[in-house]
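Here is a friendly walk through one protein model, meant to be read with the structure open beside you. Please have a look before reading on.

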Amino acid sequence: PLLSHLHDFAEDRPDNMRELRRIIVDHFGADLTTTLYPSAPHCRFAVINRADQRRLLAAGLGSDRIDYLPNPIVAAPLETTRETTAREQIRRDLNLGERRLLLYPVRPISRKNIGEFMLFLALFSDQLAGAITLEPNNPAELPGYQQWLQLATKLALPSFPALGRRHTLPEAMAAADLCVTTSV
């Protein structure tokens, strides 16, 4: 059995699609769709959202071969007292006051939707403060990340980058009132 858990599609990246067409179609003369999404009975596909499910259905896969697994944010739970302590400490460190903490538990790379995250903060700045867990690892992603940080400063958005430098993901999750996991 083969389960292909898809969350990034070549179709969303024009350079990748050109290269796949060049190799699969032009060089080997094979069908692109059936190569990307094999129809063998032992192959199943798992997706994290309904849009991806519709994409596979449109590619000709039967719904009986597609499993929808919503994309949850999973962090190991803390003990109740540790969770309460972490929540209180982070809220105090960030000086949140009455604001709710919106956590974006990602590395803010270009395919993540940092703009949407910041839009939430701009629209609800009196009610929300936002934190991103980690900065990008890839040096090529740093200029875009720096631009978002500059915009947050310019707009005086209540945001806190790289919360994960000082706190574990379970601690950050314990402090969060809301989470967002948008991607472009």
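The report below covers the sheets, a cavity, and a handful of single residues.

This is a predicted model, in which local features need pLDDT of at least 70, side-chain atom pairs count only at pLDDT 80 or more, and totals for chains, interfaces and linings use all residues. Residues are numbered from 1 along each chain as its sequence is written, and side-chain values use heavy atoms, with hydrogens and water left out.

**The two sheets**

Helices (H or I, at least four residues) and strands (E, at least two) are DSSP runs, numbered from the N terminus. Two strands are called paired if DSSP finds at least two bridges between them.

Let us begin with the open sheet of three strands, whose order is β1-β2-β3 with parallel pairing. Its edges are β1 (2-6) and β3 (66-68); each has a single partner strand, so one side of each is left without a neighbour in the sheet. From one strand to the next, the twist averages 25°. Angles here run from 0 to 180 degrees between N-to-C directions, and axes are lines fitted to C-alpha atoms, for helices over the stretch in contact. Five bridges in the parallel sense link β1 to β2 (residues 43-47), and His5 has Ala46 of β2 as its bridge partner. Helix α3 (residues 50-58) lies across β1, β2 and β3, and runs at about 170° to β3.

The other open sheet has four strands in the order β6-β5-β4-β7, with parallel pairing. Here β6 and β7 (178-179) are the edge strands, each pairing on one side only. Helix α5 packs on this sheet and touches β4, β5 and β6, with its direction at about 155° to that of β5. Strand β4 (residues 100-104) runs parallel to β5 and is joined to it by five bridges. Within that pairing, Leu101 has Ala129 as its bridge partner in β5, and Leu103 has Ala131. Because four of its five residues are buried, β4 is largely enclosed by the rest of the structure.

**The cavity**

A cavity is a set of points on a 1 Å grid over the protein atoms alone where a 1.4 Å probe fits but cannot get out, and its lining residues have an atom within 4 Å of a point. Grid points are joined across faces, edges and corners, and a volume is the space filled by probe spheres set on the points.

How many cavities of 30 Å³ or more does a search of the whole structure find? There is one, and the largest cavity has a volume of about 100 Å³. Its lining is made of 13 residues, with Phe117, Ile132, Leu149, Ala152 and Ser159 nearest its centre. At least two lining residues come from each of α5 (114-123), β5, α6 and β6 (159-160), and α6 gives the most, with four. The lining holds eleven nonpolar residues, two polar and no charged; Ala, Val, Leu, Ile, Met, Phe, Trp, Tyr, Cys and Pro count as nonpolar, Asp, Glu, Lys and Arg as charged, and the others, Gly among them, as polar.

**Single residues**

In the table, buried means under 20% relative accessible area, exposed over 50%, and partly exposed in between (1.4 Å probe, protein chains only).

| Residue | Relative accessible area | Class |
|---|---|---|
| Thr133 | 7% | buried |
| Ala162 | 0% | buried |
| Glu116 | 30% | partly exposed |
| Leu123 | 54% | exposed |
| Ala156 | 63% | exposed |

Thr133 sits in the loop between β5 (128-132) and α6 (142-154). Leaving aside neighbours within four places in sequence, Thr133 is in contact (heavy atoms within 4.5 Å) with residues including Leu103, Tyr104, Ala162 and Leu169.

Ala162 itself belongs to the loop between β6 and α7 (169-175), and its phi is near 55°, a positive value in a residue other than glycine. Ala156, in the loop between α6 and β6, also has a positive phi, of about 55°. For context, most residues other than glycine have a negative phi.

Helix α5 contains both Glu116 and Leu123. Glu116 and Leu155 are 39 residues apart in sequence and 14 Å apart in space, C-alpha to C-alpha.

Conventions. 1 Å grid on protein atoms, 1.4 Å probe; cavity = no way out; pocket = protein on both sides within 12 Å on 5 of 7 lines; lining within 4 Å.
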